[in-house]
Structures are given as C-alpha cells and as structure tokens.
Amino acid sequence: MSDLDTLLTENRSFPPSEHFRHQALVRDDALHREAERDYEAFWARHARELEWMVPFTDTLDWTPPHARWFHGGRLNVSVNCIDRWVRGPHRNKAAIVWEGEPGDSRVLTYWDLYREVQKFANVLKSLGVRRGDRVGIYLPLIPEAAIAMLACARIGAIHSVVFGGFSPESLRDRMNDAEAKVLITADGGYRRGQVTALKRNADKALEDAPTVKHVVVVQRRPGGMGDESFAQMREGRDHWWHRLMQSAKAECPPEAMDAEDVLFILYTSGTTGKPKGIVHTTGGYLTGVAATTKYVFDLKDDDVFWCTADVGWITGHSYLVYGPLANGTTCVMYEGAPDWPERNRFWEICEKYGVSVFYTAPTAIRAFMKWGEQHPARHDLSRLRLLGTVGEPINPEAWIWYHKVIGGLRCPIVDTWWQTETGAIVISPLPGLTSTKPGSATQPLPGFFATLLDSKANEIGVGGGLLALTRPWPSMLRTIWGDDDRYVQTYFTKWADRPDLYFPGDGAKRDDDGFFWIMGRVDDVLNVAGHRIGTMEVESALVEHPAVAEAAVVGKSHELKGQSIAAFVTLRDGYHQSPALRDELREFVAEKIGAIARPDDVLFSADLPKTRSGKIMRRLLRDIAEGRTLGDTTTLADPSVVASLKDQYEAEES
Ligand code: WTA
C-alpha cells in the first residue's frame, strides 16, 4: 500500500500560529479534561446551551446498543436555529448567502428565514402533514432546501432529503422505504450550465410511490426554466411552491418535540444492495452538531462560513444547515459546479462574500490542485482564516497544497473524520490547540471516545486496527428506519459480547503521539469522490441488465476521486462483449443509481474468481484492478480464472 507508506513517513507537524491560538475559542485542554471527568455532564452542559421548552432531567439512558439522550426534555430545532436569533441583535444578520450557478443570488436574514420557514410549515400543514409524517426533499442546492428542512422540524415532520443527483429509481426506493406523504422538488437545478430535470425525475419516481399524495414544486427561476417540459403539473397532486406561499400565514407555533423524537432520515450506502435509512433524533443531534460546529470551526460572530457540501449528504445537514444556524452563523450556499463557467468559481465566491471559514472535500482539493494555482491566484483570499476537509482521507500532498495555496500558510486545517451515522464530527483537530499532521484527522474531540482494536477487541496502542467508538455520543444514529436488527447487526456485532462498541467500518493507524490516520473502509463500501457507494448496490443494478449474468464491483484508486469503480461482469448466453455494451452498462448503472455510481471500468469475463463455497473473492479483483501481484489464491475453486482475468485486464489497460 503506497498510500500507507506516505502517511506513515509523513512527520511534518503544524502547530497553530500564535495569532490564531490567541483568538481561538479552544486553546487548552480544559474541554478534554471536563469531558474525561464526566462525559455525560459535559454533554448535558452543551445541551443546556440550547433552548428547551421543557428541560431534560435524564442525560443518558444507555442500554447497549440503544442510547437515549436528554429523553423527556422538549425542544424545537427550528426555534434553536432561528427564533433564538430573531429575538436578539441577530434579527437582521444574514443567515444564508446564496448564489446560483448562473450567477443569480439571494440573501436571507434570520428574520427572512423566520418568516419563510413558518409560512412553509403552514403550507405543509395545509397539505395534511402532521407530526411524525415523512416528507421527501429532492431539490437543487437552493435556500428552499434549508427552508423545507426547518419547516419540517417546526411541525415535527421527519424529512428525508435525497441528493438531486440521484436517479428516479433511487428516489422512488427512498420515498417508499420512508412512506413519505409529500415530496418537495423543483422544476430543475443548474449543474455545469445544464438543467437537471428534477421534476421529470420525480414524476418517474412517483409512478411507483403510492404513499406520496402531494408534490410541491419550486420554480428555480422566476417564470420557470423556459421549457415547459421541465414541469408538467399534475392536477390535484402538484402545487407550485410560490403559489402556496402567497396565501400562507407567517406564524406557525413550533411543536414541542421530545429530545428523542426523530428529526430526519438520511439514506446511505451499506454492504447490501439496499440503502440504510439512518435515523437521527432531535435533542442529541442538535447538541452534537451545535457544539462541534462551534469548536471545530472556531466560529465567531463575524465569520462567514462556507461548507461546500450539498444538503443531500450528511455534511450538508450538519454543517451547512443545522450546526451553523444553531450558532447564529452566516453561511454561504452555492448551487453549482466549482468549474463553471470557469475554474476560479469557488475562489471568486470566497472573495465576493468574504468567506472566512471554508470546508470542502479532498476530491475537490485534488481537482483544484490539478487545475493549477493560477485560478485561486486571481482572487483575494485574505479573509480566509480556517480550512477544513471531510469525506475521505486527504493525501499529504493535497493537504500541503491546500495549506499553501488556499490558506496562504496562515490557516489551520481541520481534517474531520465522521459519518452519516455519527451525525457530527468525531475525530478532528481543534484549530487553536492541535499541532496538525498532513493526512491525520488527529484525535477525538472532547466528549467522543475512539480507539483501535483488533478482531478480538484488544486495544492497539500504536499500529493498525479497526476503528471503534467506545462510548455513546448525543448525535449518534438511533436505528435504521424500519430495521432495528440491521442497526444492531451492522454497527454493534463486530466484537463478540461487546454490544457497547460501535464499529464504523473504517480501518485506521495510530502513531506514537496517539494520532489517528484513517485508512478507509474495511467492508464492501466504496468511497468515490467522498461519497459512499455499496459494491452490492452497483452489482444489483448491473445484474438487472438483461445481458448480465453476474457482476462483481471493486474500488480502484483514482487520482482525483480517491476511488473509482471497476466492474467485473459475466454475460448471459447469447450476449457478446463489445465497447458499445460496455458503455451501455456504465450508463445503465448511472440511470439506476445516479451518475456518481457510474463505473469507470467494465471488464467482461467468462467467469469470476470464487471460493469453493461460491463467494466472490473481491480481494483478488481489487489486486487485478490495481495492477498488483495477486494475493493468496489457494482458496479459489479454479485458480486459472484469475490468471486469465489479470492478463485480460492488463491487455486492456495498455
Ligand atoms: C470516510 C461523510 C478519512 C470514512 C461525513 C467514513 C473519512 C465515511 C473522513 C463516511 C476523513 C469521512 N478522513 N476518511 N476526514 N471523513 N471519511 O457517511 O470512510 O458520507 O466511514 O459521511 O467517509 O461517509 P459519509
């Protein structure tokens, strides 16, 4: 593993500058000490920084592997993200500074948000949405996405946001699994100058999603997208957002939600073909994201925070919407691609809005690096004071580039490790305290407890092992929607007789300083450009094609995306391999799941390497895809299969 070698030999260390440390919210280890003394009291103190309608009396009820935090306390997330600020001097502060890809822009103050959210909450009520009902959100990255999420929170409805890049089938499956009553979408959104036809996708999805009774459609541009076909409205079912809002009242009292009531479901990939509906609740989630946003991003009143993630992912939920708004922060939101119309777009936005804290993904940083320094060089980035990354391991070269070219050598970098399931950042530097090392997420934040274990649950001091979280935390997932067994199985059975240990599915190393270096997934989950995709999801999609008899999918390292997808396919009798069929299969997967899952390579094979019991040996396929010498082949039923596959693969690569 050459990546591993670079990480292990990487020993540069970057302490925060005196200047940064001096102004930082956290500059000593008092928080760590507080949390280690009594982590329940630590979290209770942070929960009390929120506004409660009924204070909680119990902090934690932990019956492994099920946790309840602040149960019995009542609060409303939208009140904490909006009303609190409207009552004080932040009333007219910008909450969301939005820019569309074509260059249109809008600023919503906390007061604007206060009115819009309540109006839309009333709209949802008028469509029959009640506390506990599920609402699907399938939107471009426009302010209505945040408004819709917060409006759900206001009335106690559960939102399920589906990334706008997902296919109609993916949307359909998610709506059906959650039994959503209402879907909120738009006529279209912009990406690289093209219109993504969200409403058309939604119509296709809804052909087979019977629980959805109403569709609210945002007109992305006043007057529509200019082409009627983007929004054919079905009488009785479909409603224009702006029409409904015209007559909606601007007061909607918040529901008093139990801390353990569900706030949202967010689907993510696992090792099976069926995405998991990760369930997050109200009080613990908000406590976790509010505290981590504040400490990790060192937020001050005059910061302008830009998290580049889409609301369709957990990063968009926690660090574009809930965490920053719960801190009264000004957030930048940008709809489109970083290279549209030119490769300087992100830096233009940073300059234009005076972004001071910038949070993006390693895959984006690698692309910026490839595009060259001349693009950021055109812009004044001197307002930036802190940078962050998330989604996958960052290679030290990209880290150093980010530090130098974007951060002007003055901005600390927070490499934040966490997951959809953890809800909030778990392992990360504290920018005023930690001496960072390029490629390491460093150490658990105060209140989070991580370690490395071997397969027998023995702790590994220095070296490699499986990452484990040893204590519950407030923003942890509570279950998988409709499938608690899968929750228990997936996350709490890695170590026999230890249902208290959470297994995130990642492997890691720990160095002499106790710093963690996350090495990536140890299960059959891929990380393509920071997005999780299950190998089984792609395999299931492939075998739905009439030509495909069997498919196996593995990840392959990729210069920009971290990993790309390589598919090994055997064909049914009567079908013959051809470049045209290869392209067809790649498109087929993109249509079934979404463009992010499109395999880069498709290799046809007469057979797949299997054990005598019939299990596909993905490990060997990975060796082939990476061009490595093959590992142990002695357990194969027919060793000649992999040898010929390898020859074929190498022939096609060259
Ligand atoms: C990976 C994204 C290394 C990891 C917030 C994890 C990372 C998965 C990092 C979760 C990081 C995320 N360093 N790997 N800083 N951050 N990962 O659910 O494999 O989309 O398990 O959540 O991304 O992806 P998810």
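Predicted model: local features only at pLDDT ≥ 70, side-chain atom pairs only at ≥ 80, totals over all residues.
Visitor: Is His 317 buried or exposed?
Guide: Buried means under 20% relative accessible area, exposed over 50%, and partly exposed in between (1.4 Å probe, protein chains only). His 317 has a relative accessible area of 0%, so the label that applies is buried.

Visitor: How many Å apart in space are His 317 and Asn 458?
Guide: Along the sequence, these two are 141 residues apart. In space, going from C-alpha to C-alpha, the distance between His 317 and Asn 458 is 35 Å.

Visitor: How many residues surround the ligand?
Guide: A residue counts as near a molecule if one of its heavy atoms lies within 4 Å of it. The closest are Asp 415, Thr 416, Thr 420, Asp 506 and Arg 532. By class, the shell has six nonpolar, six polar and five charged residues, where Ala, Val, Leu, Ile, Met, Phe, Trp, Tyr, Cys and Pro count as nonpolar, Asp, Glu, Lys and Arg as charged, and the others, Gly among them, as polar. The number of residues surrounding the ligand is 17.

Visitor: How far is an oxygen atom of the ligand from an N or O atom in the side chain of Arg 532?
Guide: A polar side-chain atom of Gln 419 lies 3.0 Å from an oxygen atom of the ligand, and for Asn 527 the corresponding value is 3.5 Å. For the side chain of Arg 532, the distance from an N or O atom to a ligand oxygen is 2.8 Å.

Visitor: What percentage of the ligand's exposed area does the protein bury?
Guide: Accessible areas come from the Shrake-Rupley method with a 1.4 Å probe, and for residues only the protein chains shown count as cover. Taken alone, the ligand exposes 530 Å². The part of this that the protein buries is 96%.

Visitor: Which side chain makes a polar contact with that of Arg 154?
Guide: Arg 154 lies in helix α7 (residues 143–155) and is buried, with a relative accessible area of 2%. A polar contact is a pair of N or O atoms within 3.5 Å; within protein, one must be able to donate a hydrogen and the other to accept it, and residues adjacent in sequence count only if both atoms are side-chain atoms. At 2.8 Å, the partner of Arg 154 is Ser 78.

Visitor: How many residues apart are Glu 421 and Lys 276?
Guide: They form a salt bridge, with the closest N and O atoms 3.7 Å apart; the term stands for a side-chain nitrogen of Lys or Arg within 4 Å of a carboxyl oxygen of Asp or Glu. Glu 421 is in the loop between β20 and β21 (450–453), and Lys 276 is in strand β15 (residues 276–281). Both residues are buried. This pair links distant parts of the chain, with a separation in residues of 145.

Visitor: Which helix holds both Arg 345 and Glu 348?
Guide: Their side chains meet in a salt bridge (3.6 Å, N to O). Arg 345 counts as buried at 3% relative accessibility, whereas Glu 348 counts as partly exposed at 34%. They sit three residues apart, about one turn of the helix, and that helix is α13.

Methods
Residues numbered from 1 in each chain as written. Heavy atoms only, no water. Helix = DSSP H or I, 4+ residues; strand = E, 2+ residues; numbered from the N terminus.
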